[in-house]
Structures are given as C-alpha cells and as structure tokens.
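Welcome, and please take a moment to look over the sequence and the model before reading on. The paragraphs below will then lead you through it, one part at a time.

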Amino acid sequence: MPTSLITPHGGTLVDRVLRGAERQRAFENAHALPRLTLSERALADLECIATGIYSPLEGFVGEADYQTIVDTMHLQSGAAWSIPVTLQVPEEGSEKYRPDHDVALAHPNGDILAVLTVTDKYRPDQAAEADKVYGTSDEAHPGVAAMLEAGPVYLGGPIALVADIPHTEFGAQRLTPAQTRAAFEEKGWRTVVAFQTRNPIHRAHEYLTKVALEIVDGLLINPLVGATKADDIPADVRMRCYDVLMEHYYPHDRVILGVFPAAMRYAGPREAVMHAIARQNYGCTHFIVGRDHAGVGSYYGTYDAQKIFETFSDDALAIEIMRFEHSFYCTVCESMASTKTCPHDKEHHIFLSGTKVREMLSQGEMPPAAFSRPEVAKILIDAYSGKATA
C-alpha cells in the first residue's frame, strides 16, 4: 500500500533533465553556444539542481533571489533558503555571457552537459556575502576562499541538463530524490531520518543514527561525496567504511546508503539548513543535526547549527530536526551516552580528537573499540599507511 511521503520543499520536486528528442536537439544546438567550463563545485550544484535535490531551485539564482537569500535566508517566493547557489565566473572573458542568451555548461573534461538561459548577470558585494553566509570575511575559511576564487561575476537563470553527468564512483549509491522516494514508498516507510556526514561513521555517529532509528521507519545514510577540503578523508575511503558498517552493524531492511553529490561549503549553521532542505527533497521526514554541523575550525559555536532552525517560522520547514549533543562511550555506564543521559565525569568518557585519531591511524595504531568499530579502523589504517608511502 503506497505511503504518503513528505512534500518536496516548495511543493514540487524539480526535474531539469531533458529527455528524448528535446534532449537531442538541445544537445546539438548547445555546441554553437558560448561555452562555460564548470568548476567542481559548480558541477555538483548543477547535478543537485537538475535532479531536484535543491528544489525549488530551477537554476542558478538570479540577483533578486541572491539578495533575499543573503539577507533573510528566503527566496523571493518566500520559501526558506539559506545559501545562494550561484554560478560565478572571472571578470576576464565574462563579456561573452549575456542576459537573455543561452550558455553551454561543460564538464571539466570538455563535454557539454547543460544549457543555462542567462536571466541575470550581476556583481554582488562579496564581502557582505562572506559575512552573512559564512559568518566571517576571513579568507582562510574554505567556503569564503572558494567563493572569492570563483570570480566576481555571477550568472543566474534556469538550467536544462542535456547529457548525463559522468561519474566513475558509487554508481549503485547515486540515488536521485525521485529514486529514494520510490524506494521509501516500496518499503512502506512513512518516516525516514537522514544522516549527513563527510567523515567515517564512528561509534558516536552510529549511536546517534540508531537512537533516531528507534523512532522512525527507516534511515538514509547520505554521505556527502562532492568537493571537500584536501585534508578531509577521501570519499572512496569513507564509502568503504559505510559499506562495512551496513554489512555488520545495521539492519539491512531499515537502512539505505545513498550518496549526496553536493560540495561542502563549510558554512556551518546556514549549511545545516540547506542540508535539511535537501533531505526533505529526498523524501526524509527527519534530519539529524549534531555538534558543529558543516563547521570548520572555530568559526561557529558548537550548537549554532541547531539554534539556527529556531529562527524560522514553524511552517517554513516541513522536515523535523533531531538535535543531538556530543556522544561518547562512558566506562562507568559501559555504553554509548551523552551529557543528557550520563551522570559521570569526563574522566570516564572515551573521546578522541580528530588530530589524535589521525595520528594513531597514520602510525598503524588501532583506536579503542569504544571509539571505532575495528573493521572501520582497519580500512582507515590501510588508507593512511598507503598515503604515507605514496
């Protein structure tokens, strides 16, 4: 019996993928258009727009939507939206991209993938964007650095995908929102919680997801596999970790592993909102937000990414946020816990910093089983030892 899934953000799941004869004509005509080669981040944004992950966006945002997003975290339509999804180009050469004209968007390998109908060409205040979206103008912030590097000229307008975006990894896990929704329907799941990660799942993360799974029908483990910082663990290594956990530690009939193709912006609280909206579009009713979601360095408060949801009206976001505090293994409780459930002092809590874990792994040392499943640790040790000898 079909279930009633949560409505996509904005009411309709966007689909900007052309098909059949229309696709072939548009693809052929695109070769006569000015060409714009996409960056890795822009390529990820193109996929998220085209497949409906970023519903209700139908293209890269124009100037009016850009300004209301930056200032109020809403689109002109009134729909909540927290980060402007923009297509930026350098000043030099930008004259060939003109409003009311089409542009061919190309993969870095040169293949034409989509057509952008340019409705807006603008040069916003990037310093203001940095301060409001990222909370800092520090050029050491990876999101700010990427925004400044991409160029000062912004192009907005709807896109149409005219060719498949090529991928060499995670083919079976590249599920579009239409596909995850179909899978949830087939399984009869009415409530689904999504877990966003750009790191391997250690025991603390596993604990959060399983607590959430106690009160919903299904779990979507949805790791981000777009562009990340150079020192983040590569997506292929992380996926091997997720696979081994799925095999040994999660109920197979209640969990789906599907990749999230977006690039990281490291925008902390604002990115948490964007991630929640994307998971609503996937068909999820709940979204886990833990400590320092999408954060980097010390730019954001530990739970700022949870608090930001309180600034939206009750009807602005349909997806429900599950707020979790930092979890750990308590040697007295002899279980995973958090400060909400454990009465014991920190000296009894097993917690390792990311720096300490990387140091142990690079030296071939196995982290405590209370911190990481041994199968996961083995994959990471092999990856770090390979990196060290490369």
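A word on the ground rules comes first. This is a predicted model, in which local features need pLDDT of at least 70 and side-chain atom pairs count only at pLDDT 80 or more, while totals for chains, interfaces and linings use all residues. Residues are numbered from 1 along each chain as its sequence is written, and side-chain values use heavy atoms, with hydrogens and water left out.

Let us begin with a sheet. Helices (H or I, at least four residues) and strands (E, at least two) are DSSP runs numbered from the N terminus, and two strands pair if DSSP finds at least two bridges between them. Five strands form an open sheet in the order β10-β9-β8-β11-β12, and their pairing is parallel. At its edges are β10 (255-257) and β12 (320-323), each of which pairs on one side only. From one strand to the next, the twist averages 25°. Inside the sheet, β8 (residues 192-197) pairs with β11 (residues 286-289) in the parallel sense over two bridges. Val 193 has His 286 in β11 as its bridge partner. Helix α8 (residues 235-249) packs on this sheet, where it touches β8, β9 (218-223) and β10. Contact here means heavy atoms within 4.5 Å. The direction of α8 makes about 160° with that of β10; such angles run from 0 to 180 degrees between N-to-C directions, and axes are lines fitted to C-alpha atoms, for helices over the stretch in contact.

Now find Val 103, which sits in strand β4 (residues 102-106). Is Val 103 buried or exposed? Its relative accessibility is 1%, so Val 103 counts as buried. The cut-offs are under 20% relative accessible area for buried, over 50% for exposed, and in between for partly exposed (1.4 Å probe, protein chains only). Leaving aside neighbours within four places in sequence, Val 103 is in contact with several residues, including Leu 33, Pro 34, Tyr 97 and Leu 116. Leu 116 is 13 residues from Val 103 along the chain, and their C-alpha atoms are separated by 5.1 Å.

Two helices deserve a look next. Two packed helices are described by the angle between their axes and the distance between the axes. For α3 (residues 63-72) and α4 (residues 126-134), the angle is about 50° and the axes are 8 Å apart. These helices are therefore oblique to each other; angles under 35 degrees count as roughly parallel, over 145 as roughly antiparallel, 65 to 115 as roughly perpendicular and the rest as oblique. Where they meet, α3 brings Tyr 66, Val 70 and Asp 71, and α4 brings Ala 128, Glu 129, Lys 132 and Val 133.

One pair from that meeting place leads to the next topic. Side chains of opposite charge can pair when their charged atoms come close. In a salt bridge, a side-chain nitrogen of Lys or Arg lies within 4 Å of a carboxyl oxygen of Asp or Glu, and the structure holds twelve of them. Lys 132 and Asp 71 form one, at 2.7 Å from N to O. Lys 132 belongs to α4 and Asp 71 to α3, so this pair ties together parts that are 61 residues apart in sequence. Lys 132 is partly exposed at 42% relative accessibility, and Asp 71 is partly exposed at 42%.

Arg 198 and Asp 232 make another salt bridge, at 3.4 Å from N to O. Arg 198 is in the loop between β8 and α7 (203-213) and Asp 232 in the loop between β9 and α8, so the pair ties together parts 34 residues apart in sequence.

Finally, turn to the backbone. Most residues other than glycine have a negative phi, and most peptide bonds are trans. The peptide bond from Ser 55 to Pro 56 is cis, with omega near 15°. Tyr 266, in the loop between β10 and α9 (269-282), has a positive phi, near 55°, and is buried at 3% relative accessibility. Asp 100 also has a positive phi, near 70°, but counts as exposed at 68%.
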